[in-house]
Amino acid sequence: YVGAGMGKASDNRCNSGNTLVDDLNTVAGTNVANNLDCSEASAWKVYAGYRLSPTVSVEGAYLHLGERETGATLPGATATTNINPNPVTIKSKTTGVSVTGVASAPLSDELSLFGKMGAVFWDNEDSITVKNASNTQVLKEAKVTSDGTDLTLGAGAEYKLDENWAVRGEYEHFNGLDANMYSIGATFSSL
């Protein structure tokens, strides 16, 4: 089977002690206030799987967990001798590839619930830009790139429309990224 899904992804690094801010502050040599709002980003994925049995599958996916941009202010005296606050822009982009085992439990001929567990291989790029108080000149820029392999868990439901097409809704958590993805998608199966 093959499919695609779209939805929203959250980045909990802003919520749990602002680890994103800490990493960028270290690289940029700044001290951004921890008042960031990391909004959910539009996310999408494409996936393909092979059914080993009616209830067990192996699935691989390419994930684009979105691009986020948020702003804050840095006290002017910290970045320059200017006493006015300096605008700060923080951007983050995450992509990955996952391989999971999927177990499903049919509730009827059309509806089934499923759970998945596996590994995600991810790449992340964060950047920070500090501008002068009038927002006309870049004072500092820094990028932090990281990658890793971590546990991914997920759960969802799939509804068969006919012998080949199904729709699914699912939730996935990517452990090392501390990120979540909520998506709806369509699946085409030749079996």
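The model is predicted, so local features need pLDDT of at least 70 and side-chain atom pairs pLDDT 80 or more, while totals for chains, interfaces and linings use all residues. Residues are numbered from 1 along each chain, and side-chain values use heavy atoms, without hydrogens and water.

The patch lies on the surface and has about 1100 Å² of accessible area together; among its members are Trp44, Tyr62, Val99 and Phe121. Areas come from the Shrake-Rupley method with a 1.4 Å probe. Patch residues have over 30% relative accessible area and no salt bridge, and nonpolar side chains are joined within 5 Å; a salt bridge puts a Lys or Arg side-chain nitrogen within 4 Å of an Asp or Glu carboxyl oxygen.

Val99 sits in strand S4. Its relative accessible area is 44%, so Val99 is partly exposed, the class between buried (under 20%) and exposed (over 50%).

Thr94 also belongs to strand S4, but at 6% relative accessibility Thr94 is buried. Its side chain makes a 2.3 Å polar contact with that of Asn124, meaning N or O atoms within 3.5 Å, one able to donate a hydrogen and the other to accept it.

Lys116, in strand S5 (residues 111–131), is buried because its relative accessible area is 6%. The side chains of Lys116 and Glu170 form a polar contact of 3.0 Å. Ala155 is 39 residues from Lys116 in sequence, yet their C-alpha atoms are 6.1 Å apart.

Definitions and conventions. Patches are made of residues with over 30% relative accessible area and no salt bridge: like charges are joined within 9 Å, nonpolar side chains (Val, Leu, Ile, Met, Phe, Trp, Tyr) within 5 Å. Helices (H or I, at least four residues) and strands (E, at least two) are DSSP runs, numbered from the N terminus. Buried means under 20% relative accessible area, exposed over 50%, partly exposed in between (1.4 Å probe, protein chains only).
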